[in-house]
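Q: Hi, could you walk me through this one? I'm new here and would like to start with the loops.

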Amino acid sequence: MERPAAIFMGGDILPSPLKQLSALDMAHEDFINQFLVQELLKIKEELGEAYPRIFLILGNDDGRMEEAAILDAAARGLWEYSHNRKIPWQGFSVYGYSYIPPTPFRLKDWERYDVSRYVDPGCTAPAEGSLSIPVSESELNYATIAEDLDRLVKEDNLEQSIFLFHAPPYKCKLDRAALDGKMIDYVPLDVHIGSIAIQRFIENRQPLVTLHGHVHESTRLTGAWQDKFGRTSSFNAAHEGPELSLVRFNPHNPSEATRELL
């Protein structure tokens, strides 16, 4: 009904990836092809030329084994798979990036070291978990988010850029986890679990808008779904309830963005 010009989907969109990995049930429901693709095909047929551009990345809860299905749907014109890509859109540049710093969770498809080979207390290194696709030992042991972002943007002018991240920047209103009072071997856990590399990237390069997810409880804990870093407006659409968290924004005037639970 609203006919948006674009939709940005920030990851953690697929059901129960770890159950699929552990059970190896090849008859599991194909959420992408049997549901998401079918519903979007109906919308695309109904809207015709008014069908919006859809920019999509996966999150750390999404097994990368589903990437082939994501790419197949992209080839059919349903969305644009944006991870590690720069895509032009209406005078803006859209960049996508899925990786997050190491977590305690076992699935490591979308985890990278942040700025160095440091791992927070209670978390496990990328090479110590499970993968749904093969990855080289060199990538697992040495790749960092900081280096990835440098390669992605190079010397691009980011004044008219929109970044679709899964991870939020570190130590802000968007990365607050429910870790209050928790300790590992008498070491208190950091309640901020965002990316230092993304934080430094935003502060140094000042993109126009950055979009984030990952920390589902952050908005409940901080009461804030947006933050400001110099000229950069950053929005968090993550949500821990059953509703859809929808952030509406106009890149020509990001300060008027709104958030609604549907």
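Q: Which loop does Asn 84 lie in?
A: Asn 84 lies in the loop between β3 (80-81) and β4 (86-89). Strands (E, at least two residues) and helices (H or I, at least four) are DSSP runs, numbered from the N terminus. This is a predicted model, where local features need pLDDT of at least 70, side-chain atom pairs count only at pLDDT 80 or more, and totals for chains, interfaces and linings use all residues. Residues are numbered from 1 along each chain as its sequence is written, and side-chain values use heavy atoms, with hydrogens and water left out.

Q: And what is the phi of Asn 84 near?
A: Phi is near 60 degrees there, a positive value in a residue other than glycine. Asn 84 is partly exposed, with a relative accessible area of 43%. Buried means under 20% relative accessible area, exposed over 50%, and partly exposed in between (1.4 Å probe, protein chains only).

Q: Where is Asp 185?
A: Asp 185 sits in the loop between β7 (183-184) and β8 (187-188). Its phi is positive as well, near 50 degrees, and Asp 185 is exposed, with a relative accessible area of 68%.

Q: Switching to helices: which residues of α2 are buried?
A: Ile 32, Leu 36, Val 37, Leu 40 and Leu 47 are buried in α2. They pack against β2 (53-56) and α3 (67-75), where contact means heavy atoms within 4.5 Å.

Q: Is Gln 34 buried or exposed?
A: Gln 34, also in helix α2, is exposed, with a relative accessible area of 52%.

Q: Where is the kink in α2 centred?
A: On Val 37, and the kink is about 30 degrees. The bend at a residue is the angle between axes fitted to the seven residues ending there and the seven starting there. After the helix comes Gly 48, with a positive phi near 60 degrees.

Q: New topic: how many cavities of 30 Å³ or more are there?
A: Two. On a 1 Å grid over the protein atoms alone, a cavity is a set of points where a 1.4 Å probe fits but cannot get out, and lining residues have an atom within 4 Å of a point. The largest cavity has a volume of about 70 Å³, meaning the space filled by probe spheres set on the points, which are joined across faces, edges and corners.

Q: Which residues line the largest cavity?
A: Among them are Tyr 99, Lys 108, Asp 109, Arg 112 and Leu 140.

Key:
1 Å grid on protein atoms, 1.4 Å probe; cavity = no way out; pocket = protein on both sides within 12 Å on 5 of 7 lines; lining within 4 Å.
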